[in-house]
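Please look over the sequence and the structure below before reading on. The text then goes through some of the parts in turn.

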Amino acid sequence: MALHSSNAADVVVIGAGASGLAAARALVERGVDVRVLEARERLGGRVFTLRPAYTPVPIELGAEFIHGSAPEVDEIVRSAALASCDISGRRWQSLGTGGKLRPTDDFWKEIERVMGRLDANRPRDRSFADFLQTQPGGRRLARARALTRQYVEGFHAADPQRISERALAEGGSPRGDVRERRIGRVLAGYDRVIEWLAEPLGDRVRRSAIVTRVRWERGRVSVEVRHPDGRSRPPVQARAVIITVPAGVLAAPPGEAGAIELVPEPHGKRRVIDRIAMGTVVRIVLRLSERFWASEWFAKQAGTQDFDMMSFLHTNAERFPVWWSAYPLRVPTLVRWHGGPSAKPLTLLASEQLEDAAIATLAAQLRVAPRKMRGLVEGAWTHDWEHDPYSRGAYSYQTVGGADAPAMLARPIRGTLFFAGEAADPDGRTGTVHGAIATGQRAARDVARALDV
């Protein structure tokens, strides 16, 4: 039964990212009275899409890809009449600064030669770095191990010294499943998925509503909220709360920007959260005056014309070792990407310094004069997720001993506290939009059962 007040509802959802909006939409469709509280002025959380003038495609500063079989995203794409496409083209590898470019068509095969040796059933968990110390595969897999380490640091944004071998073994790679290796994009921008999720919610969503504390007892919660300028807003009362903020925010000490205090703190939840880490990622999107890598002058310099179908390039650069194009779209944009602990120093740079570093590294890797490369760049965009108080990192991974942490985080507490978000997905889909959506829908089902609605 709804409480019927602007500051009261059956359910409060904290966070208007993909997970929170999915939960709220599912509950509204059941006739449940819902309030969604979002600290930012915008919706989407770690989906952050821009549409600058004169840029032919949306600029994604957060989530960009549809990873593998993603039924939750695919269903929204169909329902919202959106178009998506699979990334095609070729992966390449640069063999040293200014060195030879070679295609890496066996990328997934090389990754699986190493990842396939991980043990999901180890009696005692260990880090991925400890696993690599055993030199699995010996000398013949030296190159594959280096590529896999870069994959774990880049794709998972993880510290090899901390990430769990068991967690990686259970869901760290697509293995031999061709469908799970697929990577796609929402052509109109990922925020169109967010807009579809939010469409029926209307004024149930409150923006610039920063939650600071949740007081709770069985069947009752009081959510304390403030404005961005520090002024208090009236608390929101409800029968249950779904908390969908990132793991980095859950881990933040009370009183810090963005932190949410649970009173009383649920027994054991802190221990679970401590087994989940937030990865560091720095990405910068460059708009160029031309797709120079598809030009005749670059083909002559590189000694191949095949590079014009480049989708991803893996390098051994100290900064931004991975980058990708918009292929198969013929669009002059490049994304420079640096994930893992070595990306942390980059998070301390100003955006202009990041742009300079990205351009310098790109020029060195492709043997293009720095001045010429600089002249090709018409725009650059980035977002500091590491120091964003409402994300505190890019996305989650499980540390040693924490392979079961997502499932434990997802467990409801006394039919009153519910948790969702990519970090709470027990099916190996942490760090993905479809994993986040799935957890929101699961939390909505759990709440509906608990409240008998």
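The model is predicted.

We begin with the sheet. Strands of a sheet pair through backbone hydrogen bonds, either parallel or antiparallel. Here 5 strands make up an open sheet, with parallel pairing, and their order is E10-E2-E1-E14-E23. At the edges are strand E10 (205-206) and strand E23 (417-419), each of which pairs on one side only. Strand E1 (residues 11-14) and strand E2 (residues 34-37) run parallel and are joined by 4 bridges. Within this pairing, Val12 has Arg35 in E2 as its bridge partner. Helix H1 (residues 18-29) packs on the sheet, where it touches E1, E2 and strand E14 (240-243). The direction of H1 makes about 170 degrees with that of E2. Helix H15 (residues 433-451) also packs on the sheet and touches E1, E14 and E23. Between the directions of H15 and E23 the angle is about 165 degrees.

Next come the aromatic rings. The structure holds 17 aromatic pairs. One of them is the edge-to-face pair of Trp92 and Phe307, with 5.2 Å from centre to centre and 75 degrees between the planes. Trp92 belongs to strand E7 (residues 90-94), while Phe307 is in the loop between helix H11 (296-302) and strand E18 (310-314), so the pair ties together parts that are 215 residues apart in sequence. Are these two residues buried or exposed? Trp92 is buried, at a relative accessible area of 2%, and Phe307 is buried too, at 0%.

The charged end of Arg91 is over the ring of Phe107, 4.1 Å from the ring's centre. Over the face of Trp297 lies Lys372, at 3.6 Å from the ring centre.

The last topic is salt bridges. The whole structure has 33 salt bridges. In one of these, the side chains of Glu110 and Arg113 meet at 2.8 Å, N to O. Both residues lie in helix H3, 3 residues apart, which is about one turn of the helix. Glu110 counts as buried at 6% relative accessibility, whereas Arg113 counts as partly exposed at 31%.

Another salt bridge is formed by Glu256 and Arg392, whose closest N and O atoms are 3.2 Å apart. Glu256 is in the loop between H9 and E15, and Arg392 is in the loop between strand E21 (377-382) and strand E22 (396-398), so distant parts of the chain are linked, 136 residues apart. Ala257 lies in the loop between helix H9 (247-250) and strand E15 (261-263). Leaving aside neighbours within four places in sequence, Ala257 is in contact with Pro389 and Arg392.

Finally, the side chains of Lys344 and Glu386 meet in a salt bridge of 2.6 Å, N to O. Lys344 is partly exposed, with a relative accessible area of 39%, and Glu386 is buried, with 18%.

Terms used. Residues are numbered from 1 along each chain as its sequence is written. This is a predicted model: local features need pLDDT of at least 70, side-chain atom pairs count only at pLDDT 80 or more; totals for chains, interfaces and linings use all residues. Side-chain values use heavy atoms; hydrogens and water are left out. Two strands pair if DSSP finds at least two bridges between them. Helices (H or I, at least four residues) and strands (E, at least two) are DSSP runs, numbered from the N terminus. Contact means heavy atoms within 4.5 Å. Axes are lines fitted to C-alpha atoms, for helices over the stretch in contact, and angles run from 0 to 180 degrees between N-to-C directions. Rings of Phe, Tyr and Trp (its six-membered ring) pair if their centres lie within 6.5 Å; planes under 30 degrees apart count as stacked, over 60 as edge-to-face and the rest as tilted. Buried means under 20% relative accessible area, exposed over 50%, partly exposed in between (1.4 Å probe, protein chains only). A charge sits over a ring if NZ of Lys or CZ of Arg is within 6 Å of the ring centre and within 35 degrees of the ring normal. A salt bridge is a side-chain nitrogen of Lys or Arg within 4 Å of a carboxyl oxygen of Asp or Glu.
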